[in-house]
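Good morning, colleagues. Please bring up the sequence and the model, and keep both in view while I speak.

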Amino acid sequence: FAARLAEEFAAQRVGHGLAEGVQLGSLIDTDARDDVLALIDDAVSRGARLVTGGEPVGERGACLSPAVLVDVPADARCVREEIFGPVAPIVAFDDVEEAVAAANDTIFGLVGYVVGADLQRALSVADRLEVGMVGINRGVVSDPAAPFGGRKQSGLGREGGHEGLLEYLETKYIAVDW
């Protein structure tokens, strides 16, 4: 899995988001890029191996080649903090219960991802993840028609979809004995 993901990541064309053929644009600024690079460096210093990416791209801007990390230890910052950059830390587990427990062992919970061939099992895992959104066998979960938001320290409330519209309404309950 890690090798195939690394191949896909390495093939991504990184650059200005409006340039023809670019598949991955810039982070918001160089400080954000440097924060992501610090997370990668932390993981590597703790024993993770960088399979691909994790390099600034171009002389200007905040582009970063998408990174795949393997053998990432549980205490690495990139599995304890929200990354907000193109980094896939891969952590191996002996069973699904261990994976779910590790995924939920964080103060964050914006989005989680499940990859698998058994849809029922994937849905079962997705249901147990303490996150606001889950992507099963897909990387992009955002959709204007769907609610967007997280759990824990990753947000309260939703934007988008029916749930997001409710944020703009004032609900009134009226109880009457006639």
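I shall begin with the chain as a whole and then turn to selected sites.

First, the basis of the values. This is a predicted model, in which local features need pLDDT of at least 70 and side-chain atom pairs count only at pLDDT 80 or more, while totals for chains, interfaces and linings use all residues. Residues are numbered from 1 along each chain as its sequence is written, and side-chain values use heavy atoms, with hydrogens and water left out.

The chain contains five helices and seven strands. Here helices (H or I, at least four residues) and strands (E, at least two) are DSSP runs, numbered from the N terminus. Read from the N terminus, the order of elements is α-α-β-β-β-β-β-α-β-α-β-α. Along the principal axes, the C-alpha atoms fill a box of roughly 70 × 40 × 30 Å. Of the 178 residues in the chain, 31% are buried; buried means under 20% relative accessible area, exposed over 50%, and partly exposed in between, with a 1.4 Å probe and protein chains only. Among contacts with a separation of 6 or more, 43% join residues 24 or more positions apart, where contact means heavy atoms within 4.5 Å. The chain exposes about 12000 Å², and carbon and sulfur atoms supply 52% of that area. Accessible areas come from the Shrake-Rupley method with a 1.4 Å probe; for residues, only the protein chains shown count as cover.

Let us turn to helix 4, which spans residues 119-128. At the start of helix 4, a side-chain oxygen of D118 comes to within 3.1 Å of the backbone nitrogen of Q120.

Next, the loop between strand 7 (133-136) and helix 5 (161-166), where S154 lies. Is S154 buried or exposed? With a relative accessible area of 13%, S154 is buried. Its side chain makes a polar contact with the side chain of E82 at 2.5 Å. A polar contact is a pair of N or O atoms within 3.5 Å; within protein, one must be able to donate a hydrogen and the other to accept it, and residues adjacent in sequence count only if both atoms are side-chain atoms. Leaving aside neighbours within four places in sequence, S154 is in contact with E82, F108, G109 and L110.

K152 is located in the loop between strand 7 and helix 5. K152 has a positive phi of about 55° although it is not a glycine, and at 34% relative accessibility it counts as partly exposed.

D71, in the loop between strand 4 (67-70) and strand 5 (87-89), is not a glycine, yet it has a positive phi of about 55°. D71 counts as exposed, at 54% relative accessibility.

Finally, V176 lies in the segment after helix 5 and is exposed, at 55% relative accessibility.
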